[in-house]
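Student: Take me through the aromatic rings in this one, please. I'd like a close look at how they pair up and what sits over them.

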Amino acid sequence: MIKKAGKNIRIIRSVIIASMAAGIMAMGQQSYAAEAELISTETDADEITDASNDDKFEMTDDAVVNTEVKSDKITEVTVSKTVTSKTITSKKETVSIAIAPGLTVLDGVDYSAVYDYNWYIAHNPDVKAAFNGDQVKTLQHFINYGMKEGRNSKEDFELISYMKAYPDLRSAFRNDNAKYYIHYMNYGKKEGRVTKGVKDLRGVTSSYDSIDYSLVYDYKYYTTHNPDVKNALGVYNDFGIMEHFVRYGMKERRQGNDTFDVRSYTNAYQDLRVAFGIEWDKYYLHYIKYGNREGRKTKGVNSIVNPVTVKDGVDYSKVYNYKEYLKNNPDVARIYEGNDIAALDHFVNVGMKHWKKGNDTFDVVSYGKAYRDLRDAFGGNYSAYYLHFIKYGFKEGRTTSGVTKLVNPNVAYNGTDYSKVLDIEYYLNSNKDILNYYGPLDENGIVGHFVRYGAYEGRLGKAEQASYNGCEKTGYLWPTPVSKNITSYFGGRKSPGGIGSTNHKGIDIGSTWKNGQHVEINGTYAVASLPGTVYYVGYDKARGNYVLINHGKGLVTIYQHFKKNILSVGDKVSKGDAVGVIGSTGHSTGPHLHFEVVVSGTPRNPLDYVSPK
């Protein structure tokens, strides 16, 4: 130790002393090798002028700092690899001070080319705080985490500069930071590669798999306009970003530079759209290989030029226009805007089947409503109407717009005319589910639905029938004047004769005894419980001869197994009017009346509405 009169001489700052102590401690654990660094310091001369000749500072290990004392200041520090011992005797003597550079070797690998303990902890305070001077753990952190994270580890090695300077390294390592450190340790230092002060990315690539994409791609433009790519892959990973553009960016129609806009290129050329469709990457490649030499447009074309109207040899231009199709069908526009090939494909395969309007001059609904011969021929095959007009209707001068109602509608089904109870336009407008399923032109399907389902569900076929009001549970008349004998009740039961339903939807009323006399129900009349309109008269193998009466507001009553039907569809009946002759047709084991009450398609217990008392 150097002593002076009245106080100690302090030449080495606390950071150097700490380094020496840590270095000496580490010597017992690992061998280390490092070059001492240049230290500059200034110390007032009056701290050393009173030193006696007996005061000595002896060094025996590691690097040495030779400090020359001039006048009243220490002005120069130099580094030596020779350990010396010196006595301070005057103001112009040299003082030798030892420093320890820190542990740099672990598991036989020397990291000194890219790592300095003192620099690492100085620039990574979280590491310093975590390991509190433990050089082994600090070096392990650098190896296991610091290199991967690209941390500052030595004054003369900047990872980013090393990455920027060498495209061969970026091509090999991309954003695998650790590999850059290892490369410099093993090769770069020997090769004299640059490790500091590189401001710009050098040798930025625009090639991938031997194809030069410079006509459609620029690294700076692509990273600037696609920050998600830059954030995901790393700003200095030009090879990875180039790969992203080729493998994903082109397929996603991302713009790669300022001069090539793939949307404009696509919009401008029908031949390319026909050839490539929505394989967007092929437009970029076409321009690289052919389009640039052909002088094709690559910017400023904001809408599709000469949209496609021909598919599979059929020209749909008489019934389809790309812009008008999108205008008339916003749902289609949201998906197919800017893609006339896909829009035409949608029109042919989907739009025509759902009677969508393809242009402003041809309305398929008007076309179908105007001509009964077309409806009889095509029914619900809506595509056939478009194709008929293309092939024949246009030449024949047929009407294509402005027809709002069916001309000469066909309201017959299985030989029965339902025109008295069914207005197709009203039925569709009142029941959108039926319109959506059958469309506006499928007369046979619509009338068939009314007969088979709609009547039973209590759906109204005409507007004037909505005035009936029979939904209350009062005012019903018992349907068999001669008998009130219930032979089978509503709900679950044993199948009569093995032919009757086990889930009885109504009640059965049979013959009775009165005053000791048998009263036969066979051949007598059943009567209407409420006023209504006859919606169905016919025969069913289970129901036999039966009648369905609509009373309005979703309520219907059904009378089954008649020996004889006496009403016709469309007849209006009052409460108590005869509706049929009781018999035993259909699934029946003997003469009786099966009576049902149905509300909005759901059978209800008739005894909640009528009473035998």
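**Rings and their partners**

Tutor: Start with Phe142 and Tyr181, which are both buried (under 20% relative accessible area, with exposed being over 50% and partly exposed in between, using a 1.4 Å probe and protein chains only). Bear in mind that this is a predicted model, where local features need pLDDT of at least 70 and side-chain atom pairs count only at pLDDT 80 or more, while totals for chains, interfaces and linings use all residues. Numbering runs from 1 along each chain as its sequence is written, and side-chain values use heavy atoms, leaving out hydrogens and water.

There are 44 aromatic pairs in the structure. Rings of Phe, Tyr and Trp (its six-membered ring) pair if their centres lie within 6.5 Å, and planes under 30 degrees apart count as stacked, over 60 as edge-to-face and the rest as tilted. Phe142 and Tyr181 make an edge-to-face pair, 5.6 Å centre to centre with 85 degrees between the planes. That pair links distant parts of the chain: Phe142 is in helix α4 (residues 135-149) and Tyr181 in helix α7 (residues 177-191), 39 residues apart. Helices here are DSSP runs (H or I, at least four residues), numbered from the N terminus.

Helix α7 also carries Tyr184, whose partner Phe157 sits in the loop between α4 and α5 (159-165), 27 residues apart.

Elsewhere, ring pairs link a cluster whose members include Tyr316, Phe347, Tyr371 and Phe394.

As for charges over rings (NZ of Lys or CZ of Arg within 6 Å of the ring centre and within 35 degrees of the ring normal), Arg193 lies over the face of Tyr166, 4.5 Å from the ring centre. Likewise, the charged end of Arg296 sits over the Tyr269 ring, 4.6 Å from its centre.

How values were computed
Helix = DSSP H or I, 4+ residues; strand = E, 2+ residues; numbered from the N terminus.
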